[in-house]
Amino acid sequence: MAPTRRAFLAAASGLLGTALLGTSGCGRGSYLTPEGTLSLWYWNRSISDTLLGKAPKAVGVPFVPQKIGSDYKSKFLTSLAGRAYVPDIVGLNDDVATYFPNSDEFIDLYELGAKDVESEYLQWKWARGVTPEGRMIGFPMDTGPTALFYRPDLFEQAGLPTEPDEVAAKLDTWEAYLEAGSQLVEALPKTKMLPNIPSTVYTQALAQQATRYLDEKNKFIGDGPQVKQAWDLAVEANRRKLSANADDWSTDWNAAMSTGRIATFVGAVWAGQILSDGANDTKGKWRVCRAPGGAGNAGGSFLGITKYCRDPEAAFKVISWLQSPENQLVYGLNEMKLYPAAISSIEDPRGQHKDPFFGGQVSNDVFATSAKEVKPVYLSPYDNVINPAFISELTNVWSAGKNPDAAWNDALTEVNRQLSHLGLI
Amino acid sequence: MATTSIAANAGKDPGAAARAATGRKRSEYFSLYLAISPFYILFAVFGLFPILFSAYLSFQSWNGIGDMKFVGFAQYQFMLSDQFFWKSIVNTFQIWFISTIPMLFFALVIAFMLNQQMLRGRSAYRIAYFIPNVTSIVAIAIIFGSIFSNQFGLINAGLQAIGADSIEWLNTPWGIKIAIAAMVIWRWTGYNAIIYLAGLQAIPTELYEAARVDGASWVQVFFRITIPMLRPIILFTVITSTIGGMQLFAEPQVLVGNSGGPGNEGQTMVLYLYEQAFIKNQFGYGAAIGWGLFVIMILFSLINWRLVQGAGTRGLRRGARA
């Protein structure tokens, strides 16, 4: 009996030892893919899989794309914190600025020759991947230029213009937009002008500004006019009862869009895709035109090279090929409906399609103009901490009828508390 | 085998035998420790280390990537003055209260009915009641989102059909909590019913037969035999659903998002921790919240333990007498 047990224990300890050795093997020298290859992390629908399939051959760099499922950012942060299994190339979302305080975790793309192609891309988009110190950590992928999505049939019933150019001309400012909204809800009592005030008024109006919450020295400027104006517009939209109070992309949002209870919303180009998925019954009933208040951007992503990258030159070749103007057009815009950051791909006739969901309108016209007019703005690493304070107080205004002035003061108090916690004031 | 060989050697050289015995014992112990070591090693790596590290982390300011900065008790000071932290605690207890009581009540009734001898296709029912527990939480959230939807939800359709005003469930403080509690109830009632069923089957049938002979009604049987005999099991489910309720996370997250919906009314303690650490990248503060929760759970467990101890032994004694 004893030898059997001893053999079993020996086998067990052997297994355990192997397991321990296996885990202790991951030091600084641990990579996701074998020597001589590069790893690239991206999330679903951020890069065309067709394009990725062609890439290693076309660029001449053997790299392995790895589509990362849920909790993308947590997984990336974990690999950075552990200094092991860090991807060589990594997709970064529109919160790229949260990496600015640790920009030394990335390789400065300017050092790899990014300057040579800078003029090919939208300047404001390019600038968002560059830290205030001038280190470039994110190469432009897609963008999210905004426009006004509206229902001409409902506009007609309310006595408003219906053609995109006329609508854009009449509803050129937010004030005019809200005024038209009052006209619409009066004529059509069952319909609301817009889905909700925090994201389709406040966020969108703020996205059109040239400044936001912090300046480039990370000093708080969020009590300035750029924020207060957007706030006041949202409060005014609420006062006029223009909002359907349906959260973006919620069940209510889909239902309200399908049944024509919401006549307009200001949103990014990708919102059109969500709309056509969620409210396909309304195909042909929607149009797009320039947004009130001017051009803005919501969303969009970047590609970065981490400092753990084994061959930065090759990695940069991969990035600049994947996101070349031609590939952004063919595989980004036309295949994946990812709006390009390269100027020539926005203007290219091959990207100008008549969109049946918008009644045959060439919607790209509108988004191209918007994309080119977005004002450069500094997005700080701490916007993800500051913004929720304003959104949450605006929500109190519409959902609980909180006094807007009290809500504004409470938002500033909360921001103050958060900033002092972060050690910024 | 080892003991016999030692006994055989014992007569010849007691000292050597003793040395051999301790040597033998040590290697014997060693192999025993080795045999149980996988658990302790895994626990050390995935349990003990994270606990100690989070204690260390709670005194630092860290965004998850760069260098940590020692801040002393600043995170704890911030936490005590953080109205959202306190709000998340209140939310958690409110949701726990309105979900646990109906859940355990329904579970008991279902188990009692499933235990009836005359019921046909009992295993089918058991499986049916257990299915919600193994259903994907995201799928459940989509369904409950449609049921409680503010304007076009199923419940509001029902309310309008009978002429009542619709309620914006996911915009009102109690609406959010009721929706979350409903998800918890739906998901865990079957699970608790199966546990109760096991408890019911352990009750000797003689008791029921005796009660029937004495002419007891169903209600009397339920309250005089079933409940007292089941008391230890009930206490077990109270404790497990308390633990589950304090850790409530996935339900509110998928139903109303990371910030807990309008007014943070659906933000539970663990959801708040998650939001601070993984959405706002304040890992030091997240760790401090974790230790705040630890203290609260200790306090709550002490109260629970006192209650359970008194009631538990009483239940057992009564059970023994019966």
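On a 1 Å grid over the protein atoms alone, a cavity is a set of points where a 1.4 Å probe fits but cannot get out, whereas a pocket is an open set with protein on both sides within 12 Å along at least five of seven lines; lining residues have an atom within 4 Å of a point. Grid points are joined across faces, edges and corners, and a volume is the space filled by probe spheres set on the points. The model is predicted, and totals for linings use all residues. Residues are numbered from 1 along each chain as its sequence is written.

A search of the whole structure finds one cavity of 30 Å³ or more. The elements named below are DSSP runs numbered from the N terminus: helices (H or I, at least four residues) and strands (E, at least two). Residue classes are nonpolar (Ala, Val, Leu, Ile, Met, Phe, Trp, Tyr, Cys and Pro), charged (Asp, Glu, Lys and Arg) and polar (the others, Gly among them).

| Space | Volume | Lining |
|---|---|---|
| Largest cavity | about 140 Å³ | 17 residues |
| Second largest pocket | about 860 Å³ | 25 residues |

Ser46(A), Gln323(A), Gln328(A), Gly332(A) and Leu338(A) lie nearest the centre of the largest cavity. H13(A) gives the most to this lining, with five residues, and strand S4 (139–150) of chain A supplies at least two. By class, the lining of the largest cavity holds ten nonpolar, six polar and one charged.

Nearest the centre of the second largest pocket are Thr78(A), Ala81(A), Phe49(B), Phe53(B) and Trp62(B). H2(B) provides the largest share of the lining of this pocket, seven residues. The lining of the second largest pocket comprises 17 nonpolar, eight polar and no charged residues.

Definitions and conventions
Chains lettered and ligands numbered in written order. Predicted model: local features only at pLDDT ≥ 70, side-chain atom pairs only at ≥ 80, totals over all residues. Heavy atoms only, no water.
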